[in-house]
Amino acid sequence: MAPKKILTVAAALALSASGLAACSGGDDGGSDSGGNVTMTLWHNSTTGPGKAFWDKTAADFHTAHPTVTIKIQSIQNEDLDGKLQTSLNSGSAPDLFLQRGGGKMAAMVEAGQLKDITGDVTAETKQALGDAALGAGQVDGKTYAVPVSILPGGFWYSKNSFSKAGITATPTSMEELGQAAAKLKANGTPIALGAKDAWPAAHWYYFFALRACSKASLDAAAKDKNFGDPCWTKAGEDLKAFADTKPFNDGFLTTSAQQGAGSSAGLIANGKAGMELMGSWDPGVIAGLTKDKKPPPDLGFFPFPAVAGGQGDANAIMGGADGYSCSAQAPKECADFLNYLITKPVQEAYYKAFNSLPVSKDAQGAVTEDYLKAVLEAYNKAPYVSQWLDTVYGQNVGNALNIGVVNLLAGKGDVPGIIKAVNDAAKKG
């Protein structure tokens with residue numbers, strides 16, 4: 001894949017999260033004494049092939065390294081950030097955990113909570129990742145995480161629902177998206193949105209901002225956390241105008257994103273929604289909610305459309321990469337495991353388990369699904385890739401942004417309220 005210029009000062013791509021609560025590797029004495037080593041791993045795959053992947057990967061690593069045992073605990077994605085932050089602050093962090101990157105990772109580095117693994121990343125890992133992907137786990141030129149999967153965002157849609165609604169081509173403009181949304185809702189398959197979890201609703205604002213704001217404006221906001229540029233207001237106004245057409249599923253404010261048949265992903269899985277705006281982990285989540293535990297055969301992907309009057313590039317993409325970090329007190333074997341995750345067989349197994357693009361260039365030839373090939377095409381076409389905005393801006397600003405968007409969609413807030421909330425949160429640090 002062609003390298004991308006990433007819109008963040010802390011990392012090159014967004015890293016999404018996973019977690020488990022347990023004692024740090026430092027409490028086990030590491031491996032300096034020559035004894036056995038036990039490490040803890042937190043991830044966010046609670047069921048299905050994803051959970052099975054981590055169980056097998058840890059077991060296979062133990063077979064190859066008999067003195068190293070990895071204890072695994074899976075945590076629901078929406079609970080991860082809070083539990084991980086609590087464990088980091090209390091000094092009882094897991095040795096290995098899913099890393100979201102951006103401002104969140106930079107804050108962990110500043111607090112001395114992550115292990116600097118710059119010297120432990122092997123030449124083979126560097127070759128498989130390339131500079132752009134490796135930069136996903138770096139702060140000030142030092143490596144604190146290794147990415148495992150590329151996760152650009154866009155629309156996941158049902159080709160059957162589009163056909164039944166009379167939609168003959170995927171939208172490339174907001175006018176076309178609005179027309180498609182109206183047809184889908186009239187046909188009983190609206191746009192799915194799990195706003196109960198806040199971040200899926202905020203994704204809509206993120207993408208409107210990606211189209212409204214120039215690269216320079218996005219870079220500036222990532223650096224100084226100031227949202228005074230008029231483009232941030234335009235993004236909110238564009239979102240409100242679209243939301244006012246009522247394109248989403250009934251009860252979207254109380255719909256979760258990923259949990260159960262009634263979630264937004266579940267609506268896609270069961271043919272009750274026509275499309276969903278989400279990151280490219282969505283096929284794996286959708287697959288876990290179908291009867292046969294496979295992605296729907298008619299699943300497709302298209303990028304977020306162009307928005308009139310915006311300063312952003314119409315081909316820019318938002319997304320990131322799942323990655324893993326070692327806590328500050330983790331033993332040296334932690335980095336060995338991260339390198340192991342980038343080996344071709346493990347990367348191919350990750351792709352098959354999660355229906356998600358492997359970050360390793362060596363493993364991307366295994367991708368066969370048309371929708372994932374469409375993601376790669378859009379990614380390679382993009383002049384730059386922005387991290388998810390709540391990741392770029394860190395937890396305080398990100399949470400304020402997410403809540404502000406939900407309030408707007410619920411009719412309890414307005415566009416100036418979003419801007420004020422994130423500016424106020426930024427001042428608090």
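In the predicted model, the largest nonpolar core comprises 123 residues, among which W204, Y205 and W232 touch the most other members. A second, separate core of 13 residues includes W42, F97, M105 and A145. Because the model is predicted, local features were required to have pLDDT of at least 70 and side-chain atom pairs were counted only at pLDDT 80 or more, while totals for chains, interfaces and linings use all residues. Residues are numbered from 1 along each chain as its sequence is written, and side-chain values use heavy atoms, with hydrogens and water left out.

The packing of α7 against two other helices was examined through axes, which are lines fitted to C-alpha atoms, for helices over the stretch in contact, with angles running from 0 to 180 degrees between N-to-C directions. The axes of α7 and α9 come within 8 Å and cross at roughly 125°. That angle makes α7 oblique to α9, given that angles under 35 degrees count as roughly parallel, over 145 as roughly antiparallel, 65 to 115 as roughly perpendicular and the rest as oblique. The crossing of α7 past α9 is right-handed, a crossing being left-handed if the near helix is turned anticlockwise from the far one by less than a right angle, and right-handed if clockwise. On the α7 side of this pairing stand W204, Y205, F208, A209 and A212, which meet C231, W232, K234, A235, G236, D238, L239 and F242 in α9.

Helix α16, formed by residues 394–409, also packs against α7, with the two axes coming within 8 Å and crossing at roughly 90°. The helices α7 and α16 are therefore roughly perpendicular to each other. Here W199, A201, A202, Y205 and Y206 of α7 meet L401, N402, V405, V406 and L409 of α16.

Since C213 lies in the loop between α7 and α8 (215–224) and C231 lies in helix α9 (residues 230–243), the pair ties together parts that are 18 residues apart in sequence. Both cysteines are buried, C213 at a relative accessible area of 0% and C231 at 6%.

The disulfide between C326 and C334 likewise has its sulfur atoms 2.1 Å apart, but the torsion about its S-S bond is about -105°, so this disulfide is left-handed. C326 is buried at 0% relative accessibility, and C334 is buried with a relative accessible area of 0%. C334 is also listed among the buried residues of α12, together with E333, A335, F337, L338, N339 and L341. Helix α12 (residues 333–341) has 7 of its 9 residues buried, so it is largely enclosed by the rest of the structure. In helix α13 (residues 344–354), the buried residues are V346, Q347, Y350, Y351, A353 and F354, and just after α13 N355 takes a positive phi of about 50°.

Two further buried positions were examined. I191, in strand β9 (residues 191–192), is buried with a relative accessible area of 0% and, leaving aside neighbours within four places in sequence, is in contact with A181, W204, F242, P247, F248, N249 and M275. S161, in helix α5 (residues 159–164), is buried with a relative accessible area of 7%; with neighbours within four places again left aside, S161 contacts L184, N187, T189, A273, G274 and D298.

Conventions. Core = buried A, V, L, I, M, F, W, Y, C linked by side-chain atoms within 4.5 Å. Buried < 20%, exposed > 50% of the residue type's maximum accessible area, 1.4 Å probe, protein only. Helix = DSSP H or I, 4+ residues; strand = E, 2+ residues; numbered from the N terminus. Disulfide = S-S within 2.5 Å. Contact = heavy atoms within 4.5 Å.
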